[in-house]
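Hi,

Here is the structure I said I'd pass along.

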Amino acid sequence: MAVCTLAIPPETEQVRVARLVATAAARRLGMPEERIDDVRLAVGEAVGRAVVRHQRAGRPEPVRVRLVTQGRGFAVEVADSAAGIGPDESRFALDLIAGLAPTVRLDEASGSGSLVHMLWADATGGDEGADDA
Amino acid sequence: MHIRVSSERSGDATIVHAEGELDLHTAPTLQSEIDSALEQDLARMVVDLSKVDFMDSTGLSVIVAAVAAMRAQGGEVRVVTGADKITKVFTLTGVDQQVGMFGSLEEAMA
């Protein structure tokens, strides 16, 4: 199992860094190019959402991103620490994440922020689409 | 900055070109160009994304706002999407049902 963790400052220009690292990890795992595009966009949406939440909450600390590769699986977790700021303003971001990652979980119950968990269980194989989400 | 935008007039249309990556950081640049295009009060706006190699939901939101603004002044927006990964952003969100989408600038201008 390989784990990579990133601390992304809550600044809009830093979202690109998370996209680039996630893309490189997916490519190293051997994901097909079309699926890598899905990873790039899904991770960008999740990190962008977290950055906006930190900005709305006035939280200066970094957004936490955890990339885990194990066997043929690829998981990405994006955690923010923006609590109590109300519902997300961007419906599109969550729609896209749900449509791009085969398995998605949004955890907002911790009281300290929210966590978006995305899993490509068979990243190099044929689990195209989000049917098992 | 990883985006370049420009616009030109062609008949009754304003064509807004974007090139590069359209995301949370760069979407305001496209927004400014579209705001300028709206002031021209023409019947059509064509947003050319054929040279955009990445677009996220914030770029999409700029286009959705442009569609609403053009409708309010009796006009329409057409979008040239080019790459499949850009088209996908529209289809996964259902925005493809709200805006005319074209595979090339020539088709959008026809």
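**The interface, then chain B**

Putting chain B and chain A together buries about 1600 Å² between them, with 62% of that on carbon and sulfur atoms. On the chain B side, the residues that lose the most area to chain A are B:L24, B:F54 and B:L92, which together account for 31% of what that side buries. Before you go further, do keep in mind that this is a predicted model.

In terms of contacts, 18 residues of chain B touch 21 residues of chain A. There are four salt bridges between chain B and chain A. One of them joins the side chains of B:D23 and A:R19, at 2.9 Å from N to O. As for polar contacts, seven residue pairs across the interface of chain B and chain A pass the rule, with both residues at pLDDT 80 or more.

Which parts of chain B supply at least two residues each to the side that touches chain A? That would be β3 (44-55), α2 (57-72) and α3 (84-93). The largest share comes from α3(B), with five residues. Sorted by class, the side of chain B that touches chain A has eight nonpolar, five polar and five charged residues.

Now for chain B by itself. Its secondary structure consists of four helices and five strands, and along the sequence they run β-β-α-β-α-β-α-β-α. The radius of gyration of chain B is 12 Å, close to the 13 Å that the globule rule gives for 110 residues, so chain B is as compact as a globular protein of that length.

Of the 110 residues in chain B, 47% are buried. Looking at contacts in chain B with a separation of 6 or more, 66% are between residues 24 or more positions apart.

Is B:S104 buried or exposed? Its relative accessibility is 18%, and the cut-off for buried is under 20%, so B:S104 counts as buried. The side chain of B:S104 also reaches the backbone nitrogen of B:E107, at 3.2 Å.

Cheers

Methods
Residues numbered from 1 in each chain as written. Chains lettered and ligands numbered in written order. Predicted model: local features only at pLDDT ≥ 70, side-chain atom pairs only at ≥ 80, totals over all residues. Heavy atoms only, no water. Contact = heavy atoms within 4.5 Å. Buried area = accessible area lost by both parts, 1.4 Å probe. Polar contact = N/O pair within 3.5 Å; in protein donor to acceptor, adjacent residues only side chain to side chain. Nonpolar A, V, L, I, M, F, W, Y, C, P; charged D, E, K, R; others polar. Rg over C-alpha atoms; globule rule 2.2 N^0.38 Å. Buried < 20%, exposed > 50% of the residue type's maximum accessible area, 1.4 Å probe, protein only.
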